[in-house]
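Colleague: I am new to this one. Can we go through the terms as we look?

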Amino acid sequence: MEHAIYLVTLVGAALIVAAAFSSLIAFRFGAPLLLLFLCIGLATGVDGLGIQFDNARVAYFAGSLALAVILFDSGFGTPLNAMRQAAGPALSLATVGVILTTGIFSAAAHYLLNLSWLESSLLGAAVASTDAAAVFFLLRAGEINLRERVRSTLEVESGTNDPIAIFLTITLVEIIAAHTNPEADVLATNLVLGFLTNMGLGAVIGVLGGFAIVRLVERLNLDHGLLPIFVLTLSLMVFAAAGAVGGSGFLAVYLAGLVAGNSDIRAVTILKRFQDGMSWLAQIIMFLILGLFATPSQFPAILVPAILLGLFLIFVARPLAVWLCLIPFRLPRPEVAFVSWVGLRGAVSILLAITPLLGGLEHGRIIFNVAFIIVLVSLVVQGWTVGPLARRLGLIVPARLGPLDKVELELPGSAHHELLAYRVAPGSPVARGERIPRWARPSLVLRDGRSMRFQDMGRLAAGDQVYIFVPDRYPRLLDKLFASRAVVDPEDADFFGAFAVDPARSAAELEAAYGPGLTEAEQKLTVGALVTERLGGRAEYADRVLIGPIELIVRDTDEKGRITGLGLSFEPTAPVARVPVFLSAGEIGDRIAALIRNWRKPAERHAAEDAPIDPAVPGPDGQKATSQG
């Protein structure tokens with residue numbers, strides 16, 4: 001018995017170490033990290049090194065707990081401004097998008113796999129949700145500075161679509177296991193009522209649980225070493241409590257993390273670091289277990305239809321569902337195309353594919369194997385192309401700041417102040433003599449191994465380590481002061497325009513100088529307000545507005561989203577991506593209006609030609625026209 005404990009511990013630790021080392025390969029080559037984890041599990045499983053693991057209940061239980069940890073960390077790290085910015089498109093994708101993807105995909109699965117409609121829908125529900133961890137790892141590994149609106153949409157969608165897919169999958173497993181064949185209207189009614197109950201209870205318990213976590217952390221004076229474990233345990237209690245009363249535990253734990261992460265919770269720096277590490281560990285464990293559970297020798301029997309279904313999901317089901325969900329929103333076509341492509345399937349899809357095995361379904365193993373192959377196809381096809389596609393569609397924006405060396409230090413007993421340690425970068429504003437604002441209180445400077453008071457140091461120099469007390473939610477200005485200048489290549493310089501424009505100047509001056517054809521109402525606005533209005537009420541860094549012969553580019557915004565810097569170009573300089581599909585509702589309306597105008601013009605022209613000429617009306621040369629014949 002004792003020998004077995006040591007052996008299991010050794011093998012398990014070795015697998016985790018191998019997965020951790022594989023992250024270095026992923027960062028070096030930009031490979032999908034999830035794909036490496038799964039491959040390690042497959043290589044050590046029954047068809048590889050011979051480790052036998054076929055306990056579906058243990059795999060599902062461990063995967064569910066790991067997913068709860070990942071979702072809590074995802075919610076904890078999602079700022080509310082990102083949620084507000086992307087709430088409409090992301091929640092539409094997370095609800096209607098999952099349902100549409102399930103329906104479209106199930107039609108193809110029904111004919112390619114000869115499964116019943118309910119079983120095909122079950123497979124569709126299992127692979128309908130996206131994997132956030134894989135997407136954002138690829139963005140970080142490739143050092144991709146993606147547009148904030150696109151990043152927020154993908155982040156919020158991936159954090160909120162898992163509960164919907166889980167509800168659909170479990171419900172369909174229960175229906176199939178009961179050997180019932182309900183009528184379509186009865187099935188739809190039960191799904192809608194069950195969905196509202198499941199999501200409603202999960203949302204209420206999640207929000208209340210998040211506030212409870214914050215209050216307990218503030219009221220209890222726990223040791224800093226114990227506090228992160230306490231918070232993680234409370235999040236799992238929220239997850240379990242919601243599931244025990246019939247709600248969505250996964251939605252509850254995500255919302256609990258969202259509430260806690262956007263509150264003035266104590267020791268937030270320590271909590272973020274701990275949860276980041278736990279999230280990595282949860283991902284590694286979940287992926288390795290799912291890889292071990294798979295049996296590659298069973299794949300050849302369904303390999304061809306599974307690959308075809310994976311390609312159908314990538315090129316048809318996901319893009320069509322995304323386009324239908326985003327029609328009401330005026331998102332540019334390149335952004336819609338990118339969101340539709342970055343729908344990577346991951347561990348959640350494999351985890352949900354285990355539920356048919358737990359329910360004892362006849363074709364449970366086929367559904368699991370097909371879902372596993374679809375995930376592999378998604379990671380291979382989409383995982384390697386996220387960065388190149390973002391660049392091709394013009395969604396990469398130049399970095400705002402250059403290199404920045406900053407460390408956040410937690411202050412005991414204070415939730416409203418932080419101690420930041422900055423290393424002065426060469427070429428940064430403070431190195432050039434820029435003053436530190438009054439709301440920041442520098443206390444200590446380390447130079448050449450000596451510590452001195454800030455007041456005694458004089459001008460800061462490159463390499464100095466500066467410790468500064470700041471209020472929480474400090475403005476981004478402090479980072480700008482200590483960061484070096486961002487490296488701007490000629491393409492980036494063109495990206496932001498050749499000339500700077502003051503956003504506070506009157507738009508009438510633009511009309512007088514360049515004649516872009518502004519209306520009288522628009523000329524009464526400031527240039528910043530004009531750009532914000534043309535962008536639909538919200539401006540984002542690197543947004544562009546074409547007005548007649550000029551193009552205005554947003555160079556910077558403040559914390560409230562107000563434009564603080566604009567560039568002007570005389571010709572469009574942003575990469576133009578020709579995306580033939582993904583029209584929004586606004587674009588569809590514009591095209592219909594243009595067709596109507598073009599249809600009316602010939603009729604009006606013919607009517608004008610057929611009308612009798614009035615002799616009293618002067619002609620183009622100023623002479624009175626005379627009627628002919």
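The talk below takes up a strand, its sheet and a pair of helices.

Modeller: This is a predicted model, so local features need pLDDT of at least 70, side-chain atom pairs count only at pLDDT 80 or more, and totals for chains, interfaces and linings use all residues. Residues are numbered from 1 along each chain as its sequence is written, and side-chain values use heavy atoms, with hydrogens and water left out.

Colleague: Why is strand β9 called mostly covered?

Modeller: Buried means under 20% relative accessible area, exposed over 50%, partly exposed in between (1.4 Å probe, protein chains only). In β9, residues 563-569, six of the seven residues are buried. Strands are DSSP runs of E, at least two residues, and helices are runs of H or I, at least four, numbered from the N terminus.

Colleague: What makes β6 and β8 partners of β9?

Modeller: Two strands pair if DSSP finds at least two bridges between them. Strand β8 (residues 550-557) has six bridges to β9. Strand β6 (residues 499-501) has three. Both pairings are antiparallel.

Colleague: Which residues stand opposite each other?

Modeller: Leu-568 of β9 faces Phe-499. Leu-568 is also the bridge partner of Leu-552. Asp-556 has Gly-565 of β9 as its bridge partner.

Colleague: What makes β6 and β7 edge strands?

Modeller: The open sheet runs β6-β9-β8-β7, with antiparallel pairing. β6 and β7 (544-547) each pair on one side only. On average, neighbouring strands are turned by 30 degrees against each other, direction ignored.

Colleague: What lies across this sheet?

Modeller: Helix α23 (residues 527-534) lies across β6, β7, β8 and β9, at about 85 degrees to β9. Axes are lines fitted to C-alpha atoms, for helices over the stretch in contact, and angles run from 0 to 180 degrees between N-to-C directions.

Colleague: Why is α2 called oblique to α11?

Modeller: Under 35 degrees is roughly parallel, over 145 roughly antiparallel, 65 to 115 roughly perpendicular, and the rest oblique. The axes of α2 (residues 33-44) and α11 (residues 268-293) cross at roughly 45 degrees and come within 7 Å. Therefore α2 is oblique to α11.

Colleague: Which residues make that contact?

Modeller: Contact means heavy atoms within 4.5 Å. Among them are Phe-37 and Leu-38 of α2, and Trp-280 and Phe-287 of α11.
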